[in-house]
Structures are given as structure tokens and as C-alpha cells.
Amino acid sequence: MRIEDRGSLQSPATATPRLPLTCRDLDPVPGPISRATLVLDLSSVGVPARTRALLSGEGGAPDSVESRVFRWAHARIGSLVEKLLSGELRVAAYRPDAAGLTGLGPGLTPTGDDVLVGLSAMARRLAGGGLVEIRAAVALSTVLAGLPAEETTPAAHLLLREASEGRFPAVLATVVELIGNPHADAESLRTAGARLAETGAHSGADLLAGALALVQGVVDARESS
Amino acid sequence: MSATSLLGGPIEVVHAGIDAVAEAPRAAGAPVTVVDFRPPAGGDTRRMALLSELLSGPAAREIDAANARALARLLASRPHLVAIGVARDVVPGMADDLFLHAGPPVTWERMCGPMRGAVIGGLLYEGRAKDADEAERLAASGVVRFDPCHHHDAVGPMAGLVTPSMPVFVIEDRGGERPGTRTFCTLNEGLGKVLRYGAFSEEVVARLVFMRDELGPVLAEALALRGPIDLKHLMAQALQMGDEGHNRNRAGTSLLFRELAPAVVRATADRERAARVLDFVNGNDHFFLNLSMPMGKCLLKAAEGEPLSSLVSVMARNGTDFGIQLASMPGRWFTGPALNVRGLYFPGRTEADANPDIGDSAITETAGFGGFAMAAAPAIVQFVGGSAEDALAATRAMRRITLGPNPGFAIPSLGFSGSPTGIDLRLALERNLLPQINTGIAHREPGVGQVGAGLVTPPWEAFHAALEAFAEHVRASRA
Amino acid sequence: MTTRILVRPGCYHDSARLMQVSRELSALPGIQEAVAMMGTETNRRLLAEAGFLGTDVDAATPIDMIVGLRGGPDTAVTAATAALDRLLSGSATSAGGPAAPERPGTVSEALEARPAANLVSVAVPGPYAAFVAHRALDAARSVFLFSDNVPLADEVALKRRAAALGLLVMGPDCGTAILAGVGLGFANRVERGPVGIVGASGTGIQELCSLLDRSGVGVSHAIGTGSRDLSAGVGGLMTEAGLGLLANDPATRALLLVAKHPDAGVAERLHGLLATLGKPVAVRYLGEGRRGEVDGVLYAGSLDEAAEAAASRVASTPAARGDLAFAAREAVAPVGAGGSRLVGLFGGGSLAAEARCVLEARGIATRVPEEKLAANAPLPPGNLVVDTGDDAYTVGRPHPMVDQTVRCELIRAAGSDPSVGVLLLDLVLGDGAHPDPAPEIVEAVAAARAARGSRPLSVVASVCGTRRDPQGTARQEETLRRAGVEVEPSAARAAATAADLVLSVRQEVAR
């Protein structure tokens, strides 16, 4: 059934979905980003329990739906991060994982969509700083634009479309811009992270998980190499 | 309702106490409303006797009448933003060696961390100290004097520090019985690391300098061009747009921005300068707080001076003590320890990081909005972990201890009934119900800043002290 | 273990609401897991994988809410389903508690909410009672003040204020009142009628109601004043107010006044008022002898006489009644009492006083034991009349009119004593009182008799109650009679019967 068919059942808010968070463009990256800065940033930003659960795939009561959300999301985030770091340029390569994330989990903007938006924001940031292949970041954006509207909530779909065009929730953008910036102090990053984490019921923590997953991936990859 | 009419029936009963006693009227089919009885004044015999005297004794009707007049005067007041000046020039009694702070009087020795941090920041900002160490030595040496904002008709959020060179909003009563009454408040610095939360780093001082050199002068000129702004009118609109005027000021700030923006552009030759000022206002959702507060102070000053009124005219905290004043005894503080705030903490922060309750911002609740208008702002109940129903319940609860609604501050979610206004000391004690205050939480160490936000109440000690003094005052006045 | 999956179409709520739904449903008893999510394709697959299966889920869209419930037993899951609908319909209760109207927190607020309420009934602990009563007077409402332990000064202040305001403060320590057909406290259900009562004694008023009811006469109002009203300190303020009201009340044609031990000065002043009320008045001062008619005011020798006088003044055809002084009673046939002593165990304090008075008038000296009676201690000597509603017996337990445990123990103990020949008892019925007192009394009497073996025990009881009382006066009397208890219609008559029994035993012994 299409959204249009159920007009009588909808609240006005449903009929004209609105963006849950104000979005804006990311500031341009001034120069190359060093891995050392990222290591420092990871230790500065506070990681809420929910974000940690998404990053590790472990959390929630055993066998609960919540724990499954964390496991599903974790596996797909891992796969996307791997592809971004390996410089995968084909749009189609990102599609299955992105499709597995969109519409996944609780909330007005489901967890999976928030993770995708966070990941995409960080991919753009690190691409500007030379740590991620620019065309890989663009491929991910393209996938976001192409995810079918009927597979997630109207609000999340709007958010994905904004992200695919490089506009991100302001609370997320502030955090992303402070990461990899050697002149930013730890305190501002922590404060901005905290502000993001308390946005919405889950959304802030989920957006943060997407962003930090990629940072973690870069740090880990460099360590092993 | 005379006893004669009682015999005419039909009997309808209100019952308090052992339920078995209400069995008989119920059996006879009479309506019985059972009261959820709690001993008044916490059951303390002495306080109960004082309270009974004030509620039911020979003076009670005179107190009622005084309260009615005080409330009427509060409601008739029309605070306007008329100017932006420099504290040294416009705040009465301000001097070069004087720093004003939030709450009741407090010495440097008893000042809490964030208050000390703000004093250090103030000394750095005023150029009286080179670094924090020197500032601390200076503050302890008595080189500057400290005085509550309230002693100078001013109010300040959190630490509430006002130093001589700070720009201040000048609020003037353009209605009521005492037109021309003025109140004052500094301009809001924004969120994050700010002086009012006790931060004093370079960025904090730099922002204060910007506010002194650019924000203040530009807004002053713009306001002169635009003419006075009716703050009660703005507040009334903001309440219908999801603000409560204390922890949420997004609508008020937006409305103010609309009022000021054209004038800022017209008054400023340098476009960049105008843009910086407008960006600053636009970027700070709490900019209107520093207007809602002095507006509240202006409303309450209108209520002051009614000799037998039990209306609470000030509630203010300095992070160490919580003090209240009564409209019948302006200037006299009744204090108790500032309590910890029940609230939500930013991730990584806990109650252990929190400073006890601080700031003059409880003037908003005292004047009948803020926590009292919680029903207007469900968004921030979410923020403190409640539901929208909790917001309605909070406002309804405050009706129980207030003198009446403020029809000027209509709350849509409660059928546009007025916000509960004018705390009656007597009712709070009788009903064992303290005013609910919305507030931010400062870190207990100087220089750190905000760690969360939540709800708090005054300590009972302050109300008990006020009860003793008011009973004595009433006796003396009527003797 | 049951899993259920529910779809609520078009329920597009914000995230916090979804989270709240999950949280509140999870908190319900028996619910192990509750998840509320939007019905996206991915979420539907996820829930299916987690074992939440259901056919209507397939049709769900991203703007429908789907809720998965897991728990047991089945009824718990069904209850959670109902809770979900309540939550979504908005009539929900949040974690903070029900949104339903709460009880008012104070009398003042209750009166604001119920402007038609004309009476405030106060039964809070003594120290708070005056505060609450004053708040009722602030709102110009009369007060029924059941609480005791109210300081005398507070009582005086309350009553002075009420008198000035033209209001009533009935109490403190006011056990009963009846206004316009509505009882308060321990009250008997009476027919409305022409006799008005003012009383400083709760059971005194009840006994009058009971006696009037037995004569087929109704009560217009019974205004309680509290036990201390006729003391020198209070000065009869509310007795005066009550009499004044009834004198002006068109429904009241005759007046009755009952009080215990009035202050002499107060009684004298009151006499002036009673003599000029313009309506027939009968007075019973408990514990005092009969003074007869003075200036048209009848000072009766018993509650029975007072009630009888009032009834005869309002009855269209005065019925022939037994002699009020009990002179011409038919002789009691003694059942052969086993001992010569009498022990009276009362629930109603005024009834005990009334009994004592009748016994003394018959030459039977009674005493109140200095030590409180105990079931396991030897019975003190002499004829004893005990009010088991006295503070000494009620510390930490309800009044014997409600809880008869102590009185029944004493009945067993005293009744077992072979020196005791007669037990004198009362039963007080009405709202607030024990729902079925007779069986417990009968059981205690039977136990006492069993302990005595062949030595007989006479038991005389009066039942204070009306035909409409919930305990059923007739049924209570029947239960007693069947157990061999002599039942009389009033405490005074029971005392007279008991006196005859004691006297006949004495005569037997003398012979």
C-alpha cells in the first residue's frame, strides 16, 4: 500500500514528512588529516553505550530484537567500512549493505538510516583529509540517493536524500568537523559529541556510531599495516 | 454557607481522615469527596500553628487582600526592553570595584566552584588580572566587593556575574502603578564554555570582549532605532510556540531576532559587523533568557511593597545557598542550602560532577513561567526524561500554590488558561508542595561549564525561615 | 511463552514515543520483551528472524507501527495488547502515574472542586484536626469533627469562630450526627421525622435514635457537639447553636438534649435558653437523677424517658407505653442465677453511665475498677460496670463498637467467674459499627457458660439500633435470644432487668 492511499489514517505530520533535524553543508577540510589526530580524537569523544553496542555488535538482552539490531547493523557497517577503506568505486558494491541498513531498527529515523548518514558524513570528511578515496565516498552517497523511499520511514528517506547531497544534521556536522582537526581541543569535541549523543531517542547515538565506525576503521587499518 | 442552609440539605460531604467515618454519609447516598490528607507544614506543631494563624486567623483576610493587590499589580506591569547600556553607567549602585553575582549574599570563601570561576573570568575580562592565579589572589584579597544582583534590581543566570564594563539590557515598566521601574540583565553568552557556568578560558574572555565592543553597541543602536520592545507581548507569543521562558527560549529568541534584525542592518554601516551580531543572536537559543529573566524581575518588583503580602517575590541561588524574599519584606533574604538538581547529565557526567543549584533564573518561576509553564513546553520535559503528560501535571501542580493565573501568559495545552502566577508562601507550606524550577547544571569545579539540566526545588529551610519571619512581621504590622 | 505481533496502521509517532511504548510494555508483568518499531521491510524481516511471526505484518508499511510482544502466560500478553491500545489512544498512563483526576490534597481544594459541598468531615489525627477544621471555616463550611485529642484551647477557638460565622463545629470527639437524613461517623439509619436531637454524647444520641425508631418516630436532625461542649471551658457554645438551629427548623417539632456531666454553671445558663425555645424539650444529663419538669423543660431520669416524652409530644395519638420509671414492669423470672455479682461490659460509654444510674437507683452499688480488667487476672470484687471503649482498653486498637475482641475476652473471663451471676451488655449497630456483632458475643457467652458447668449465668443485653441499620436489629436480637440472652430495647431497661435478677438472687440467698 502506498502512502497516498492511507490519507485518512495519517496524522498531519505523516502526510507531509519533515526533516527531524536541521541539516547543513560540511565545512571544507583545510588540509590532510593525520592518523595520530584521529587516535587522539577517538579517546576524547565520549562513546555512549548504544553507540558502543553498534560498533561492537554486542549489546541488549541475549536473543532480543535489540541485540539483533546491533548484530545486523554491526555486520553491515563493518562491510561498508571495509569497502570504503579498500577504495571500492562501484556503486553497486555498496548497495546490498546499505539496503540491509535502511529501515532497520527503532525510531522515527531507524537506526540503520542514521548509521548510513553518519558513515557518509565521515566518509566525506576523511575523503577531504586524504584518508578515504574520494570516489568511494561519492559512491556511498550515490547509493543513499537511490535507496527506495518505501523501504524506510518518510523522515529517514528525507534525511538520506539530504546526506546524499552532502547536507548533514547540524549536531552531527559539528562533531564530524572537529574530528581530525589538530587545532580543536578535546573539550569541544567531547561537548559536541555529548550534544549529538543526546539528540532524539536513539538517533544521536546511531549517527555517532556511523561516524565513529569509519574513524575506528582508519585507525585499525593503519595499525595493522 | 450558613448552618441553617445545611439543615435544608441536600448534604454533600468533603472528608479528611479515617475512611470508616465517611461510610455513613456514603450509605445515605450523599456525595463524599475524600481528601488525600497530609499533615500541613510537614506536621511540625509550631509551624502548623503559625501557618493556621496566617491562613485562618484574624489577619488571614487582610493577607488575602494584600496578595490580591500584589497579584493585580504584577499582572498590570508592562516590562519593555528600552535600552542596552553599560553596567557601570546604568545599574544603580554599580561601582568600578563591584562585582554582582546570582543569589543571596555570599563571600569569596563560601563561593562554589563555578561562581569562583566566573569571578576569575570577570577579573581577567576587566583586565584586573593577568592570569587565573592572580585573579584568585585578587578575589580573595577583597580588592573587589561582591553583592547580589537582586540588590541592584538586576538578575543573572547561573553564576550571574555582572562586572562594571558589561553591556546590560535595561528593562522598564511601561504600565502598572509604578511606571519607570527598571531592571537589568547582562546579554546571554550562548552554550558551551561560558562565564556563567564558571568557565574563564581565553575563548570565554574573548567572547565577552566581543559582546562589550560589538554586540552591545550594535544592539544598543539598533534598539534606539527600533524603539522599545514589549517583552510581555513577546513572552506571551513564545509560550504559545513551545517556550517556557527558562530552559527553552528558542521561540522567544526567534521573535526577538525578527524584531531586531532590520534595525541592526539599518544601524550598522559595516555589513560584516551586522552579520556577526545577527549570527551571534541567531546561534544562541538562550539569547532571550536574559530578557525573560529581567522581565520577570520587573513584574515582581511591581508586586513588592504590599505590607501584608505572603507572595514570594524572589527565588535565587548562588550555588551555596538558596534564598527567597517576600513582597511584604523586600530585600530580606530567607535562605537554606542550595539543593542538587535532579536531571539528565551529558554522557560521561554524573551527579558527582554537579554543583548544587545556582542562578537568579528561578525569577522566571517566581514570576509565573519557566517551570510553572512547563505545560507550554513539552519538548523540554522530554529532555529531562518525562512525558508530555508530566508537563501538564507540573503546571497543574503549581496552580495549587499560586495566587492565580496570568491571563497574559496563556498555555495552549491547558485550554489557554493562564500560567499559574504568584507563589503564596502559605499555600506551599499548607500543601507541602515546593515550587518546581527548571534549571541547567554547572560543573562543581571552576572553568568546566555545563554538565546537564534538570528540575530542582528550593530547600524547605528557606520557606520555614520565611514563615517564622512573616508571622512575626504580620503580628508587628497589626499591633 | 507466547509471541505476538501487532500492527497499528498509520501510527506514526516520534522516536521518544516509540521508546516509551517499548519501555512501558516491557515493564508489564509477564512481559519479557516488547519492541515497537516502524514497519519497514528490514524491521519486518528482523522481527520474523527473532520469532515474531504474524500474517498481517506482511501488509505493514513504514508508516505503520509494529509491536512485538513476548511473554507468558497468554493472559499477560493479552493484557499488554490492551495496554498498547490505551497508550496509543492517549488515555495512557505514563511512567509518572495515572492521568486520572487525583484526590484533592487539602480540604480547601476539595471545596473549590465541589462548591456544593456544605459539610466537612474531619477524622485526622488530633494534632492536625484544628488546622483542617479552621480551613473548612475559612471556606464558610460547617464541620463534623470526629477527631479526638484536640487541645481544649483549639476547641474553644474553633467554636467561637464558628458561632460568629453562623456555622457549626460538631466536635471534637463527636461520634455521630445526622443532618437532613445523612448520618456521619457512627450513625444509625433513621427515618426522617419531627424530633431534633442535640447531643454531647455519641452513643447517647444513638440510643435516642434507637428508642425513637422503636416508637415509630423519626428524627429531623441530630447535631453532635463533642463530649466537652458543656464543660466550663467551652461553655456549651455548640449546644446553644444547635438548639437555636433546631428551634428555627420547621421540620423539628420537639427537641431532645443529651450530655454527660454538664458543668453546673453551663447547665444553669442553658436552662434559660431551653425554657424559651418555644418547642417541647426533654433533657437527659447522663449520670444524674430525674428532676422532672422545670419551667416546662423535662429533665428526664433516663434516655428512655426523654425519648418517650418527645415521642408522645409529636405523636398524633399517644400510644400507651410502659412506665418509664420501670415500677410496673412485669416481674422477671430469674433463670436461677449462679452468683450474686453483676458485671456490665459496655461498648458505649454513655450506655454504661446510663446503666450505672439505673442500677444505683435500684439500690445496687456499682464501681468502676481502678485497674483495667484483664482476661487473665482475677476479677476485682463488687458489681462492676466497665466501658470497654475507654482509652485504657482501646490503646492501639479500634473501638469495641468496631472490634469486639477485647470485650469478648472479658465476657469469657468474667462469665466464667462463679461469683458472677449476671452479665450486662450492649450492642451498638449502625454505619461504621461492627457489621455483625451478635454471633461473636453469643460465642463468648457460650464459652463462659461452658466453663461454669452446671452453675447458671444470666446475660442481659440491649441492642441500640434501628430497623434500617445494615446489621438488622431484629436479626441481632434474635441471635442473642436464641442463645439464652435476655434482650431489652434500651440500656436502661437492660440495667433494670439485670437489677431485678441480682435482687432476686439476693432474696434467694437470704432465704
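Contact here means heavy atoms within 4.5 Å. This is a predicted model, in which local features need pLDDT of at least 70 and side-chain atom pairs count only at pLDDT 80 or more, while totals for chains, interfaces and linings use all residues; side-chain values use heavy atoms, with hydrogens and water left out. Residues are numbered from 1 along each chain as its sequence is written, and chains are lettered from A and ligands numbered from 1 in the order in which they are written.

**View 1. Where chain A meets chain C.** Chain A brings 32 residues to this contact and chain C brings 29 residues. The size of an interface is often given as the accessible area lost when the parts come together. Here about 2,400 Å² is buried, with 64% of that area from carbon and sulfur atoms (buried area is the accessible area, 1.4 Å probe, that two parts lose on being put together, summed over both).

**View 2. A salt bridge between chain C and chain A.** Zoom in on Glu49(C) and Arg68(A), whose side chains meet at 3.1 Å, N to O. A salt bridge is a side-chain nitrogen of Lys or Arg within 4 Å of a carboxyl oxygen of Asp or Glu, and the count between chain A and chain C is one. Two or more residues each on the side of chain A that touches chain C come from helix H4 (65–85), helix H5 (91–101) and helix H8 (154–164) of chain A (helices, H or I, at least four residues, and strands, E, at least two, are DSSP runs numbered from the N terminus). H4(A) gives the largest share of that side, five residues.

**View 3. Chain C and its domains.** Domain 1 (2–89), domain 2 (107–314) and domain 3 (341–510) make up the domain assignment of chain C; such bounds come from an automatic or database assignment. Between the C-alpha centres of domain 1 and domain 3 of chain C lie 66 Å. Along its principal axes, the C-alpha trace of chain C spans about 105 × 60 × 45 Å. As for secondary structure, chain C has 16 helices and 20 strands.

**View 4. A salt bridge within chain B.** Now look at Glu306(B) and Arg69(B), whose side chains meet in a salt bridge at 3.0 Å, N to O. This pair links distant parts of the chain, 237 residues apart: Glu306(B) is in the loop between helix H12 (289–303) and strand E9 (312–318) of chain B, and Arg69(B) is in helix H4 (residues 60–76) of chain B. Over all chains, a search of the whole structure finds 69 salt bridges.
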